[in-house]
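Subject: Handover of a structure

Dear colleague,

Please find the structure below, together with its sequence. I would be grateful if you read the notes that follow with the model open beside them.

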Amino acid sequence: MAEKTISEIAKLCADCGTCQSACPVYQAELTEPNSPRGKVNLAKALADGRLAPNPRNRSLLYQCLVCGGCEHACPQGVEFNAMMIEQRNRTSGGRSIPWLKKAALFLYQGFILRRVLWLPRLLARTPLKRRLSLPAFQNADLKMIAGGDREKEYDVLLFPGCVFTYFYPHKTVEIKALLEGLGLSVLYPEGLQCCGFPYLSQGWGEKFAKLKDKNEAVFRRFRFRQIVVPCSTGVLAFRKYYDLPGTEILELSEFLYKHCPQAAVDPSWAERLPGPFTYHDPCHNLKSLKLRKEARHFLERFGDRFRDDDSGLCCGFGGIFKVGFPAVSKKILNKKAAKLDELGVSAVVTSCPGCYLQLKENLDVPVYFFSDIFKRQVKSEK
Ligand code: SF4
Ligand code: SF4
């Protein structure tokens with residue numbers, strides 16, 4: 001850990017329990033070991049050597065989405081995510097990650113990145129589809145839009161992340177077109193890998209470091225002003241764990257709010273819906289990057305077609321969390337679904353590829369990505 005040790009972070013905890021109401025896992029399970037406070041005490045005991053790692057406490061260590069909810073709520077400023085990631089790396093180092101989670105990581109970032117798509121496509125037709133959270137695959141040839149000119153300075157580098165590269169590649173095509181329609185020069189270079197956060201958050205620092213090195217090598221080949229990532233988890237990874245001095249890294253809604261606030265939404269998109277829609281705040285947007293007003297700046301232009309959900313409820317995906325703890329994930333998702341029923345909405349918009357996958361594959365209402373609400377091919381001032 002670069003700045004503080006686990007013990008230094010943990011000793012800030014005042015045992016107040018404020019974090020419990022913000023924790024989707026605690027709210028699903030209602031046991032103290034599953035609370036953020038319980039995990040702070042566990043991480044501290046493991047770090048101090050008062051407790052030796054065993055299957056029970058390893059499992060507890062992984063019963064956390066690293067969603068940032070507790071960190072956001074904590075009055076003491078306990079840096080929970082950094083502590084959890086460090087403790088998982090110490091306790092596990094990737095070796096003790098359960099086989100199913102490893103299989104999912106392998107599928108998401110290993111096989112898939114090497115273009116061996118037949119295996120996940122095959123598995124997506126089996127009962128393992130749900131267990132591994134595999135979506136229906138969409139076809140889009142990203143080679144058609146990939147590439148870059150080393151002599152040119154681009155406005156933005158688009159980093160779509162692995163879900164929008166391999167599961168929903170048409171979203172990468174659409175987001176690039178949206179940004180270009182706003183008058184921006186957009187670089188989508190070949191050779192980008194997953195940001196690596198799924199490995200890092202699971203305690204597999206070595207794998208993360210390899211992906212980081214490969215991405216940084218691609219970044220160094222080109223000139224661009226900003227990196228735009230339609231995924232707040234990727235933004236967190238780049239800001240906190242990459243070496244990108246002087247580069248502005250922005251999540252998509254944050255970028256549009258800051259640099260293209262006049263970007264026009266498409267009223268006909270909402271008119272085609274059977275009723276009002278809402279927005280699902282991804283945990284890392286709301287709780288880690290503190291992005292709330294950015295998406296709403298655009299969503300509120302739809303008037304009363306937009307019904308705000310200010311619950312901040314998690315969708316239960318958490319990347320690999322869902323694979324490891326499907327029952328807990330389901331309870332968390334059910335709460336979200338109940339909230340959507342209560343709001344009486346007929347569609348959901350979100351701005352995280354992971355939430356998009358989770359909601360799209362599991363809800364009965366249509367799910368859209370944030371970029372879908374904008375007019376296509378409309379030139380506006382940057
Ligand atoms: S809110 Fe912060 S200080 Fe209070 S119990 Fe949770 S981690 Fe500890
Ligand atoms: S990061 Fe999220 S899931 Fe993990 S303990 Fe904190 S609030 Fe709970």
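F321 is buried, since its relative accessible area is 2%; buried means under 20% relative accessible area, exposed over 50%, and partly exposed in between (1.4 Å probe, protein chains only). This residue belongs to helix α19, residues 321–324. Helices (H or I, at least four residues) and strands (E, at least two) are DSSP runs, numbered from the N terminus. Leaving aside residues up to four places away in sequence, F321 touches V25, Y62, Q63, C64, L65, G316, V328, S329 and I332, where contact means heavy atoms within 4.5 Å. F321 and Q202 are separated by 119 residues in sequence, and their C-alpha atoms are 9.1 Å apart in space.

The model is predicted, so local features need pLDDT of at least 70 and side-chain atom pairs count only at pLDDT 80 or more, while totals for chains, interfaces and linings use all residues. Residues are numbered from 1 along each chain as its sequence is written, chains are lettered from A and ligands numbered from 1 in the order in which they are written, and side-chain values use heavy atoms, with hydrogens and water left out.

The chain as a whole comes next. It contains 21 helices and 7 strands, and 57% of its 382 residues count as buried. Among contacts between residues at least 6 apart in sequence, 72% join residues at least 24 apart.

Which residues are closest to ligand 2? They are C23, C64, L65, C67 and C70, in a shell of 14 residues; a residue is near a molecule if one of its heavy atoms lies within 4 Å of it. The elements giving two or more residues to this shell are α2 (24–29), α5 (69–73) and α6 (80–91). By class, the shell has 11 nonpolar, 3 polar and no charged residues. Here Ala, Val, Leu, Ile, Met, Phe, Trp, Tyr, Cys and Pro count as nonpolar, Asp, Glu, Lys and Arg as charged, and the others, Gly among them, as polar.

Two residues deserve attention for their backbone. Most residues other than glycine have a negative phi. V66, in the loop between α4 (55–62) and α5, has a positive phi near 50°. L30 has a positive phi of about 55° and lies in the loop between α2 and α3 (36–48). Are these residues buried or exposed? V66 is buried at 2% relative accessibility, whereas L30 is exposed at 57%.

Helix α11 (residues 169–181) packs with helix α15 (residues 252–259) at an angle of about 5°, with the axes 13 Å apart. Axes are lines fitted to C-alpha atoms, for helices over the stretch in contact, and angles run from 0 to 180 degrees between N-to-C directions. The two helices are therefore roughly parallel, a term for angles under 35 degrees. I175, L178 and L179 of α11 meet L252, F255 and L256 of α15, a contact with 6 nonpolar, no polar and no charged residues.

Finally, helix α14 (residues 232–241) is mostly covered, with 7 of its 10 residues buried. These are S232, T233, G234, V235, L236, A237 and F238. Their cover includes α12 (197–201), α13 (205–220), β3 (223–229), β4 (248–251) and α17 (283–288).

Yours sincerely

Conventions:
Parallel < 35°, antiparallel > 145°, perpendicular 65-115°, else oblique.
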